Amino acid sequence: VEDGITCPVEVEKGLNDKNENEEHAKESDSDDVGSRTLAFPSISTADFQFDLDRASDIIVDTAADFLQKFDNIRLVLVDLSKKSKILSLVKEKASKKSIDCSRFFTFVGDITQLYTKGGLQCSVIANAANWRLKPGGGGVNAAIFNAAGESLHHATKKCADALRPGTSVVVPLPSISPLHQREGVTHVIHVLGPNMNPMRPDYLKNDYIKGSKILREAYNSLFENFASIVQ
Ligand code: AR6
């Protein structure tokens with residue numbers, strides 16, 4: 001074990017990892033931690049092609065700042081695969097920063113099935129959206145709009161028409177949505193991150209000064225919006 005690691009280096013919390021999942025399910029039942037939990041994907045690092053090393057620094061920094069300002073909340077970075085590079089980078093960097101690992105951790109699973117498949121209760125989930133806030137496309141945006149059904153589309157339209165890079169919008173998820181009923185998700189926060197993919201709008205041409213600033217703003221906006229729901 002290296003110096004400076006305050007939490008044991010965690011084994012991957014996968015969907016097949018019964019012990020880890022049961023642990024979280026128990027916590028949730030005892031004090032309703034689910035209503036104070038935000039699950040979020042790594043914004044901009046797949047379709048938008050943002051550098052993973054820089055993104056992981058930004059995730060750990062902004063999460064650590066946020067956890068200092070608010071106790072009583074929990075942040076969970078989610079990705080689909082055990083082999084996720086962003087999850088391992090974030091885990092490694094978080095463990096070196098003395099972040100409380102019960103309040104910030106990584107989880108392997110589909111963000112639309114965290115409770116039913118993983119036993120993890122999260123009332124709020126974030127989406128890596130597109131600027132028009134349109135369903136489909138691919139990645140986590142398509143997964144969330146598909147799982148939530150038409151009602152998320154309607155609810156989103158009531159809240160905003162579009163997003164600027166670096167901003168987010170809270171959408172209360174109607175109780176008729178399957179994602180609300182099955183998974184207990186009460187809010188979706190759409191986040192638009194910086195884009196480094198030449199085939200997508202607002203392409204930043206590898207400008208990581210601008211890109212990193214926008215990614216930081218995106219996470220700060222996401223976490224502040226989450227805090228406003230919980231408070
Ligand atoms: N559950 C958890 N994580 C997921 C899931 C899922 N179901 N699906 C993907 N991820 P991306 P971006 C992870 O590409 O880079 C869309 O088409 C994925 O492995 O969804 O911000 C939008 O419409 C990665 O770690 O978002 C935009 O146009 C992370 O989620 C554009 O892509 C984000 O990957 C946004 O691109």
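**The ligand site and a pair of helices**

In this predicted model, a polar side-chain atom of D110 lies 3.1 Å from a nitrogen atom of the ligand, and a nitrogen atom of the ligand is also found 2.9 Å from a polar backbone atom of I111. An oxygen atom of the ligand, in turn, is 2.7 Å from an N or O atom in the side chain of D79. Taken alone, the ligand would expose 710 Å², and the protein buries 90% of that area. There are 23 residues around the ligand, and of these S44, D47, D79, N130 and V140 come nearest.

From the ligand we can turn to the helices. Two packed helices are described by the angle between their axes and the distance between the axes. Helix α2, which spans residues 52-69, and helix α8, which spans residues 208-230, have axes that come within 10 Å and cross at roughly 35°, and the crossing in which α2 passes α8 is right-handed. On the α2 side the contact is made by R54, A55, I58, I59, D61, T62, A63 and F66, while α8 contributes Y208, S212, L215, R216, Y219, N220, F223, E224, F226 and A227.

A last stop is H153, which belongs to helix α6, residues 150-159. Once its neighbours within four places in sequence are left aside, H153 is in contact with P135 and F145.

Terms used
Residues are numbered from 1 along each chain as its sequence is written. This is a predicted model: local features need pLDDT of at least 70, side-chain atom pairs count only at pLDDT 80 or more; totals for chains, interfaces and linings use all residues. Side-chain values use heavy atoms; hydrogens and water are left out. Axes are lines fitted to C-alpha atoms, for helices over the stretch in contact, and angles run from 0 to 180 degrees between N-to-C directions. Helices (H or I, at least four residues) and strands (E, at least two) are DSSP runs, numbered from the N terminus. A crossing is left-handed if the near helix is turned anticlockwise from the far one by less than a right angle, and right-handed if clockwise. Contact means heavy atoms within 4.5 Å. A residue is near a molecule or strand if one of its heavy atoms lies within 4 Å of it. A polar contact is a pair of N or O atoms within 3.5 Å; within protein, one must be able to donate a hydrogen and the other to accept it, and residues adjacent in sequence count only if both atoms are side-chain atoms. Accessible areas come from the Shrake-Rupley method with a 1.4 Å probe; for residues, only the protein chains shown count as cover.
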